[in-house]
Amino acid sequence: HYTPAADLLADRVILVTGAGRGLGRAAALAFARHGATVVLLGRDIDRLEAVCEEIECGGGATPAAIATDLATTTARQFDAIAGSITQAHGRLDGILHSAVRLEKLMAAEMVEIDAWTETLRVNFIAPLALTRACLPLLKRAPDAAVVYTSDSHVARPTAFWAPVAAPKSALLAAMAAQADEWSQWPHLRVNVIVPGPVGSPARAFTHPGQSPASLPQPDALMPAYLYLMGPDSRGMSGRVIPAQDQP
């Protein structure tokens with residue numbers, strides 16, 4: 001029920017991963033509409049450039065696009081991403097970690113080691129590594145927010161969801177530790193958002209028989225994203241926030 005101010009994110013630079021489609025795309029557009037300069041990160045440069053064009057056509061600040069596969073991005077490449085943001089903008093006020101890698105739903109005993117490695121890298125290791133690389137920039141910001149994305153199956157693990165629930169559970173624990181570590185910097189906060197069922201490409205992959213029209217659309221969840229990224233959530237850290245009412 002949050003109503004953000006039109007200029008909520010004015011003069012801020014925000015990095016969005018998984019920005020080429022789904023919730024990442026919707027968040028990047030919402031952040032830009034509310035005044036932010038966004039840096040889009042994803043695997044597909046064509047999708048990222050399409051989002052850039054959409055932002056510019058809507059009157060938003062000129063965004064930047066960075067193409068990388070988080071399953072293979074190295075520590076040096078994460079540092080280079082932070083360096084490019086420093087060079088282009090000189091600041092960073094927030095990161096939304098929206099990228100996700102999904103395997104086919106299956107019993108944990110059926111998941112092969114390469115699949116575990118990839119999903120752990122994208123859904124757990126990469127968000128922490130990118131945050132680490134960007135932390136010096138975030139510490140210099142007057143008000144900075146990091147938002148990780150989790151899944152409702154973390155709170156209620158069920159059969160065949162181990163490849164999703166396991167790395168997201170680990171990310172939740174890491175977020176709680178970071179919030180405690182960052183308590184010495186009152187201007188810096190970290191939280192987790194749980195989107196819930198939404199009409200997105202990820203949902204279409206895990207629930208191919210479900211009509212996207214029967215679910216909330218990504219834009220409907222954006223008030224929660226804007227709240228966590230904007231100054232109105234200052235002082236709130238270490239929280240798990242549902243983006244919609246969930247059973």
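Modeller: Ala, Val, Leu, Ile, Met, Phe, Trp, Tyr, Cys and Pro count here as nonpolar, Asp, Glu, Lys and Arg as charged, and the others, Gly among them, as polar. On that division, the lining of the largest pocket has 16 nonpolar, 15 polar and nine charged residues. The model is predicted, and local features need pLDDT of at least 70, side-chain atom pairs count only at pLDDT 80 or more, and totals for chains, interfaces and linings use all residues. Residues are numbered from 1 along each chain as its sequence is written, and side-chain values use heavy atoms, with hydrogens and water left out.

A pocket is an open set of points on a 1 Å grid over the protein atoms alone, with protein on both sides within 12 Å along at least five of seven lines; a cavity is a set where a 1.4 Å probe fits but cannot get out, and lining residues have an atom within 4 Å of a point. Points are joined across faces, edges and corners, and a volume is the space filled by probe spheres set on them.

The largest pocket has a volume of about 930 Å³. Its lining comprises 40 residues, and Ser98, Ala99, Val100, Leu102 and Ala202 lie nearest the centre. Helix H1 (22–33), strand E2 (37–42), helix H5 (162–181) and helix H6 (201–206) each supply at least two of the lining residues; helices (H or I, at least four residues) and strands (E, at least two) are DSSP runs, numbered from the N terminus. H6 gives the largest share, five residues.

The second largest pocket holds about 260 Å³ of space. Among the residues that line this pocket are His1, Tyr2, Pro216, Tyr227 and Asp245. Helix H7 (residues 222–229) provides the largest share of this lining, three residues. By class, nine residues of the lining are nonpolar, two polar and one charged.

The largest cavity contains about 50 Å³, and Thr17, Leu70, His97, Ala99, Val122, Ala126, Pro127, Leu130, Lys168 and Leu171 line it. Two or more of these residues come from each of helix H4 (113–140) and H5, with H4 giving the largest share, four residues. Seven residues of this lining are nonpolar, two polar and one charged.

The axes of helix H3 (residues 75–89) and H4 come within 9 Å and cross at roughly 30°; axes are lines fitted to C-alpha atoms, for helices over the stretch in contact, and angles run from 0 to 180 degrees between N-to-C directions. H3 and H4 are therefore roughly parallel to each other, a term for angles under 35 degrees. The contact (heavy atoms within 4.5 Å) is made by Phe78, Asp79, Ile81, Ala82, Ile85 and Thr86 of H3 and by Ala126, Ala129, Leu130, Ala133, Cys134, Leu137 and Arg140 of H4. Ten of the contact residues are nonpolar, one is polar and two are charged.

Terms used. Angles under 35 degrees count as roughly parallel, over 145 as roughly antiparallel, 65 to 115 as roughly perpendicular and the rest as oblique.
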